[in-house]
Each structure stands twice: as C-alpha cells, then as structure tokens.
Amino acid sequence: MKRTIAVVAAGLRQPSSTRLLADRLASATRRELERLGAEVDLETIEVRDHGHDLVNNLIVGYPSEELERVLRKVARADGLIAVTPTFTTSYNGLFKMFVDVLDDTALIGKPVLIAATGGTARHSLVLEHGLRPLFSYLRAVVVPTGVFAGPEDWGAAEGAEEPLARRVDRAAVELAREVDRRDPPASGDPFESPAPFSSLLPPS
C-alpha cells in the first residue's frame with residue numbers, strides 16, 4: 001500500500017535547522033512505514049518558496065495555481081509533518097499564513113507530527129502551547145510526541161545529538177503507526193471545489 005506524507009517546513013533561511021529537522025523526521029517516518037510494509041512518497045513543502053502567493057491569497061481570497069497545487073498535496077496526504085522555527089515564543093508568521101489558507105476540512109482526522117526549532121530550550125513550550133492547540137482546533141490527530149530542537153541538539157560534542165535522535169525516532173514511529181492503521185483517503189478531496197480557483201479569475 002502506498003502512503004504519502006506531506007512535510008511542511010517554515011524556515012526562513014537556506015540552509016535552515018527547521019528544514020534539517022523536517023528531513024530527519026521525514027526519513028525516520030519513511031523507515032518506519034516501510035518496515036510496516038508501505039510504499040512511501042514524501043512531499044516536502046518549503047513554505048518560504050510560496051511567501052508571496054500566501055500574502056496574495058490572504059488579500060484576494062483565492063490561491064495561485066502553484067499554491068493551490070501545494071495545498072492539495074497537504075489535503076490529500078495520509079499524514080503531515082509540520083515544522084516551524086520559534087518566533088516570540090510561537091510559530092512564525094509564515095507558518096501561520098500557510099495554515100490560514102488551508103481549507104477548513106483539509107486536516108480533519110489527519111495524523112500530524114508537530115516539531116519546532118528555536119534558539120533556546122525554553123522555547124520548547126511552543127509545541128504544547130502553540131502547535132498542539134492549533135492542530136487540535138483544525139481537528140487533526142496530533143501524535144503524542146512533539147519534537148523540539150535547540151542549539152544544543154546540533155552540537156559537535158560526542159553524543160550531543162542522541163537525545164534528539166531518540167525523540168525523532170519516537171515521534172516518527174507514532175506517526176507511522178497512526179497512518180498505517182487508517183484506511184487510505186476516500187476518492188473525494190476535502191480541498192476539492194467545483195472548479196479550480198484559477199478559473200474564477202476574469203479573462204485577461
């Protein structure tokens with residue numbers, strides 16, 4: 001059985017620790033799903049690449065063709081990995097804009113793994129006070145283990161990354177098992193509309 005995992009990374013720089021954490025979580029989830037007998041497609045979305053389209057969507061009320069395609073990836077995925085940097089003790093504005101333009105039904109019942117990066121371990125509370133309530137409100141199924149990575153988790157000292165690796169593996173196993181136990185999505189698309197948004201544009 002084929003499973004698709006959407007990976008949303010809201011880092012602002014390239015390279016970024018946010019994308020690095022997202023890739024680690026995606027790889028660990030793939031390994032566990034393959035161990036469970038599934039074929040896995042990973043759909044990685046760098047939110048920064050769609051920043052202008054997100055702003056335009058919020059202003060005019062509908063997405064560009066490219067942004068619509070990206071939003072459909074999230075809506076159709078069997079599971080979601082969502083990773084944001086921490087700004088002022090919360091998820092960043094780019095991440096929130098992306099969530100704001102998702103269809104209201106896109107995440108209902110969808111297994112979600114939440115993760116964040118930040119400049120100090122004190123910011124780890126963003127998982128429970130920011131991300132978990134956000135996705136619970138959207139009626140997603142958030143796996144128990146959230147993953148936060150601070151500067152100390154990327155240290156060069158021997159064994160510095162072992163605690164992070166354990167958290168990544170634990171969260172990935174939880175997401176993979178939650179995805180594996182669910183039936184594949186129905187043929188209907190929760191993001192589907194009678195006509196593509198682009199068709200609503202006046203002729204040029």
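Trainee: Which residues in H4 meet which residues in H5?

Mentor: A contact means heavy atoms within 4.5 Å. By that rule Phe95, Lys96 and Val99 in H4 meet Leu131, Leu134 and Phe135 in H5. By class, this contact has five nonpolar, no polar and one charged residues. Ala, Val, Leu, Ile, Met, Phe, Trp, Tyr, Cys and Pro count as nonpolar, Asp, Glu, Lys and Arg as charged, and the others, Gly among them, as polar.

Trainee: What kind of model is this, and how are residues numbered?

Mentor: It is a predicted model, in which local features need pLDDT of at least 70 and side-chain atom pairs count only at pLDDT 80 or more, while totals for chains, interfaces and linings use all residues. Residues are numbered from 1 along each chain as its sequence is written, and side-chain values use heavy atoms, with hydrogens and water left out.

Trainee: How many helices and strands does the protein have?

Mentor: Helices (H or I, at least four residues) and strands (E, at least two) are DSSP runs, numbered from the N terminus. The protein has six helices and seven strands. Their order from the N terminus is β-α-β-α-α-β-β-α-β-α-β-β-α.

Trainee: At what angle do H4 and H5 pack?

Mentor: Axes are lines fitted to C-alpha atoms, for helices over the stretch in contact, and angles run from 0 to 180 degrees between N-to-C directions. For H4 and helix H5 (residues 126–137) the angle is about 5°, and the axes are 12 Å apart. H4 is therefore roughly parallel to H5. Angles under 35 degrees count as roughly parallel, over 145 as roughly antiparallel, 65 to 115 as roughly perpendicular and the rest as oblique.

Trainee: At what angle do H2 and H4 cross?

Mentor: The axes of helix H2 (residues 51–60) and helix H4 (residues 93–101) cross at roughly 50° and come within 10 Å. The two helices are therefore oblique to each other. On the H2 side, Gly51, Leu54, Val55, Asn57 and Leu58 meet Leu94, Met97, Phe98, Asp100 and Val101 in H4. These residues divide into seven nonpolar, two polar and one charged.

Trainee: Is threonine 86 buried or exposed?

Mentor: Buried means under 20% relative accessible area, exposed over 50%, partly exposed in between (1.4 Å probe, protein chains only). Threonine 86 has 9%, so it is buried. It sits in strand E3 (residues 79–87), and its side chain reaches the backbone oxygen of threonine 117 at 2.8 Å. Beyond its neighbours within four places in sequence, threonine 86 contacts Ala116, Thr117, Gly118, His123, Val126 and Phe148. Across the protein, buried residues make up 47% of the 204 residues.

Trainee: Which residues does glutamate 66 touch?

Mentor: Not counting residues up to four places away in sequence, glutamate 66 touches His50 and Asp53. Glutamate 66 belongs to helix H3 (residues 65–76) and is partly exposed, at 34% relative accessibility. Its C-alpha atom is separated by 8.4 Å from that of histidine 50, 16 residues apart along the chain.

Trainee: What should I look for in the backbone angles?

Mentor: Most residues other than glycine have a negative phi, and most peptide bonds are trans. Here the peptide bond from glutamine 14 to proline 15 is cis, with omega near -5°. Proline 15 is in the loop between strand E1 (2–9) and helix H1 (17–35).

Trainee: Where is threonine 89 found?

Mentor: Threonine 89 is in the loop between E3 and strand E4 (90–91). Its phi is positive, near 65°, and at 59% relative accessibility threonine 89 is exposed.

Key
Polar contact = N/O pair within 3.5 Å; in protein donor to acceptor, adjacent residues only side chain to side chain.
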